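Q: Can you walk me through this one? I'd like to start with strand pairing.

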Amino acid sequence: MSEQIPREEERESSSPQRRYGLFGVSTYPKKSGMDDAQRRSMGRWSSALVAVMAALVLILVIVGAGSSGGLTVTFDTQGGSAAESQSVPYGGTVEEPEDVVRPGYTLVCWSLYPDGSEAWDFSSDTVEEGITLYAIWEEE
C-alpha cells in the first residue's frame, strides 16, 4: 500500500485549519478575498495601530504617575491651634500633627468623625481617599 501525498492545492482546500491574523483577518488571501498587496497593507496598518496604542498607554502611565501628588489629609482641630494638611500616597499612613493645643482642654485622639466615634490609629490606619481627621478634646 502506498500512501499518496496530496498536492499543495488539495491540502489547502481540504485543510480544516484556518490561520487568522490581527482582527480576525484570514492570512490566506485566496480564502479571504485579499491579494498579497492588500494583506501586506493590512499587516502594516495593524502593526502601526498596535505601536500607537502602546505609545498612548505609556504616555498615560507616565502622566498619571507624575501628576499624582497623593491624597490630601486635612485636620479639623475643632477649636484648637492649626494643623497643616498632609499629602499621603494611596495606602500610606498619616503623620500625627504635633503641638496642637486648645486652652483648657487635653487632646484625647484624632477621629474620622467629629463626635469621636472612630479613633484614628496613626501607626496602622492607611489612607485610601482624601479624608479629614477631627481632634477630640476632653475638658481639663
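Q: Which residue is the bridge partner of Trp110 in E4?
A: Ala135 is the partner of Trp110 there. This is a predicted model, where local features need pLDDT of at least 70, side-chain atom pairs count only at pLDDT 80 or more, and totals for chains, interfaces and linings use all residues. Residues are numbered from 1 along each chain as its sequence is written, and side-chain values use heavy atoms, with hydrogens and water left out.

Q: How many bridges join E3 to E4?
A: There are 6, and the two strands run antiparallel. E4 covers residues 131-139. Strands here are DSSP runs of E, at least two residues, numbered from the N terminus. Two strands pair if DSSP finds at least two bridges between them.

Q: What's the strand order in the sheet?
A: E2-E1-E4-E3, an open sheet of 4 strands with mixed pairing. The edge strands, pairing on one side only, are E2 (86-88) and E3 (105-111). The twist averages 30° from one strand to the next. That angle is between N-to-C directions of lines fitted to C-alpha atoms, on a scale from 0 to 180 degrees.

Q: And E1 with E4: parallel or antiparallel?
A: Parallel, over 4 bridges. Asp76 stands opposite Tyr134 in E4. E1 and E2, by contrast, pair in the antiparallel sense, over 3 bridges. Val73 faces Gln86 of E2 in the pairing.

Q: On to the core. Which residues touch the most other members of the largest nonpolar core?
A: Val73, Phe75, Val94, Trp110, Trp120 and Leu133, out of 14 residues. A nonpolar core is a set of buried Ala, Val, Leu, Ile, Met, Phe, Trp, Tyr and Cys residues joined through side-chain atoms within 4.5 Å. Buried means under 20% relative accessible area (1.4 Å probe, protein chains only).

Q: Which element gives the most to this core?
A: E4, with 4 residues. The elements giving two or more are E1 (71-76) and E4.

Q: What is Val94 in contact with?
A: Leaving aside neighbours within four places in sequence, Val73, Phe75, Gln86, Val88, Trp120, Phe122 and Val127. Contact means heavy atoms within 4.5 Å.

Q: New topic: is Ser111 buried or exposed?
A: Buried, with a relative accessible area of 0%. Ser111 lies in E3. Not counting residues up to four places away in sequence, Ser111 touches Gly116, Ser117, Glu118, Ala119, Trp120, Thr132, Leu133, Tyr134 and Ile136.

Q: What does the side chain of Ser111 reach?
A: The backbone oxygen of Tyr113, at 3.0 Å.

Conventions: Buried means under 20% relative accessible area, exposed over 50%, partly exposed in between (1.4 Å probe, protein chains only). A polar contact is a pair of N or O atoms within 3.5 Å; within protein, one must be able to donate a hydrogen and the other to accept it, and residues adjacent in sequence count only if both atoms are side-chain atoms.
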